[in-house]
Amino acid sequence: MESAQEIEERFGAAIFQKFPLTIVKGKGAKVWDQSGGEYVDFMAGIGVAIVGHCNPDVVEAVKSQAEKLITCHGSFYNDARSGFLERLASVAPKGLDKAVLTNSGTETVEAALKLARRYTGRKKFVSMKGAFHGKTMGALSATWNKKYREPFAPLVDGVEFAEFGNAASVAPLVTNETAAVIAEPIQGETGVIIPPPDFLKEVREICDRAGALLILDEIQSGLGRTGRMWASEHWGVVPDIMATSKGLGGGVPLGAALTTPEIASRLQRGEHTGTFAGNPLACAAGSAALDFIRKNNLPAVAETKGKRLKERLVEIASGHKVAREVRGLGMMLALETRIDIHQLLLDAIGRGAIFAYSGKETFRLLPPLVIDDSQIARGMEVLEGVLDAEDKRRFR
Ligand code: PLP
């Protein structure tokens with residue numbers, strides 16, 4: 001019999017960088033392969049499993065909604081959707097209590113860009129060097145990495161890139177033709193980069209002066225991950241449009257562009273709809289995930305556990321020549337090394353822990369916020385072991 005890996009390779013387009021691991025089961029911060037091998041998951045679908053794999057509340061919500069109604073087009077009203085929208089508004093930054101519902105991160109960015117163009121009547125955008133906003137054509141236009149963009153040019157016209165963290169480089173690019181500035185509060189794909197303390201506030205002021213909107217992409221940093229519900233709260237900045245997705249559906253595809261009633265009202269009926277937008281199954285999962293985040297005060301959990309995890313990472317980094325730096329806030333953390341870590345990621349899997357990349361040389365840790373101390377300890381033991389072996393290989 002062919003393995004799942006062989007069949008995926010045969011029939012699926014080879015579009016992902018793959019690890020040779022078939023995951024068949026998950027619970028909390030752990031996943032299992034088809035032979036029963038157990039792994040602590042610090043990647044969590046790149047931050048998706050924020051309330052844990054197969055969170056019991058999400059599982060229950062999906063089961064009961066699946067028995068009631070799985071699909072309901074947005075041209076009708078639906079109780080699962082209304083319940084979710086109400087909860088979303090209650091956790092949204094002040095004033096952003098209107099939502100455009102979507103099915104992914106990149107689609108959420110598309111909605112944000114269209115909202116900004118429609119509201120301002122302007123065409124141009126300013127994004128950031130190092131930014132990652134997704135891979136559909138609009139979001140891709142605001143994504144920095146040329147490797148992703150160049151093969152698909154021409155993209156959306158009129159996107160310029162400023163230096164992330166340098167407000168002086170943003171100011172000259174924002175004019176009366178700029179619809180919006182788009183930024184991640186903390187850059188995720190480019191190494192978990194935290195901007196200087198005044199950066200977002202200054203960008204907010206630059207936008208206000210020019211009559212441009214501020215879009216914050218909290219797809220990776222939101223929902224409690226950094227120790228606040230939204231990372232932008234660390235700097236006291238509220239955007240005009242906020243993008244959220246990843247953990248929003250408790251693992252089920254779901255996203256939302258949150259905005260003000262005034263901005264939302266410019267989008268006319270029919271101008272930005274989708275067959276699956278506001279799907280009841282996803283919305284039921286989303287309600288369960290949001291309830292779980294609030295009930296268990298996951299932002300506070302991320303802050304406390306993240307602090308300890310970061311201290312441990314700093315300790316590990318300081319004992320290894322191959323390590324360079326530890327960065328991050330809450331449970332959005334990175335350990336940068338001096339080498340390509342591809343083989344180290346594979347070694348970690350071999351020892352029972354899964355980490356994500358953030359650029360070729362950086363381990364990224366986005367674990368489920370329900371991870372417990374013994375699982376953290378186990379993961380750090382694996383990371384330490386992998387770095388020990390690499391140091392031995394290179395320096396002794
Ligand atoms: N924006 C940010 C900040 C992200 O981290 C990601 C995905 O990693 C996206 C957008 C795109 O989300 P998706 O992969 O769901 O399209």
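User: Which residues is Gln375 in contact with, leaving aside its neighbours within four places in sequence?

Analyst: This is a predicted model: local features need pLDDT of at least 70, side-chain atom pairs count only at pLDDT 80 or more, and totals for chains, interfaces and linings use all residues. Residues are numbered from 1 along each chain as its sequence is written, and side-chain values use heavy atoms, with hydrogens and water left out. Gln375 sits in helix 14 (residues 373-395); helices (H or I, at least four residues) and strands (E, at least two) are DSSP runs, numbered from the N terminus. Contact means heavy atoms within 4.5 Å, and with neighbours within four places set aside, the partners of Gln375 are Ala29, Lys30, Val40 and Phe42.

User: Is Gln375 buried or exposed?

Analyst: Buried means under 20% relative accessible area, exposed over 50%, and partly exposed in between (1.4 Å probe, protein chains only). Gln375 has a relative accessible area of 12%, so it counts as buried.

User: Lys30 forms a salt bridge with which residue?

Analyst: A salt bridge is a side-chain nitrogen of Lys or Arg within 4 Å of a carboxyl oxygen of Asp or Glu. Lys30 is partly exposed at 22%. The N to O distance is 3.3 Å, and the partner is Glu38.

User: How many residues does the largest nonpolar core have?

Analyst: A nonpolar core is a set of buried Ala, Val, Leu, Ile, Met, Phe, Trp, Tyr and Cys residues joined through side-chain atoms within 4.5 Å. In the largest one, Leu309, Leu313, Leu335, Phe355, Phe363, Leu365 and Met380 have the most contacts inside the core, and its total is 59 residues.

User: Which helix gives the most to this core?

Analyst: The core draws at least three residues from each of domain 1 (4-55 + 298-395) and domain 2 (56-295). The top contributor spans residues 280-295 and gives eight residues. That is helix 11.

User: How many residues are in the other core, the one that includes Trp235?

Analyst: Leu365, a member of the largest core, touches Phe42, Leu309, Leu313, Met331, Met332, Leu333, Phe355 and Met380, not counting residues up to four places away. Apart from that core lies another, with Phe164, Ile186, Ile206 and Trp235 among its members; its count is 28 residues.

User: What is the relative accessible area of Ala285?

Analyst: Ala285 lies in helix 11. Leaving aside neighbours within four places, it is in contact with Val58, Val62, Gly249 and Val252. Ala285 is buried, and its relative accessible area is 0%.

User: Which residue's backbone oxygen lies 2.7 Å from a polar atom of the side chain of Ser127?

Analyst: Ser127 is in strand 5 (residues 124-128) and is buried at 0% relative accessibility. A polar contact is a pair of N or O atoms within 3.5 Å; within protein, one must be able to donate a hydrogen and the other to accept it, and residues adjacent in sequence count only if both atoms are side-chain atoms. The backbone oxygen belongs to Ala142.

User: How far apart are the C-alpha centres of domain 1 and domain 2?

Analyst: The domain bounds come from an automatic or database domain assignment. It gives domain 1 (4-55 + 298-395) and domain 2 (56-295). Their contact takes 27 residues from domain 1 and 31 residues from domain 2. The C-alpha centres lie 26 Å apart.

User: What area do domain 1 and domain 2 bury between them?

Analyst: Buried area is the accessible area (1.4 Å probe) that two parts lose on being put together, summed over both. Carbon and sulfur atoms carry 62% of it, and the total is about 2,400 Å².

User: How many residue pairs are in polar contact across the interface of domain 1 and domain 2?

Analyst: The interface also has two salt bridges. For polar contact, with both residues at pLDDT 80 or more, the rule finds 16 residue pairs.
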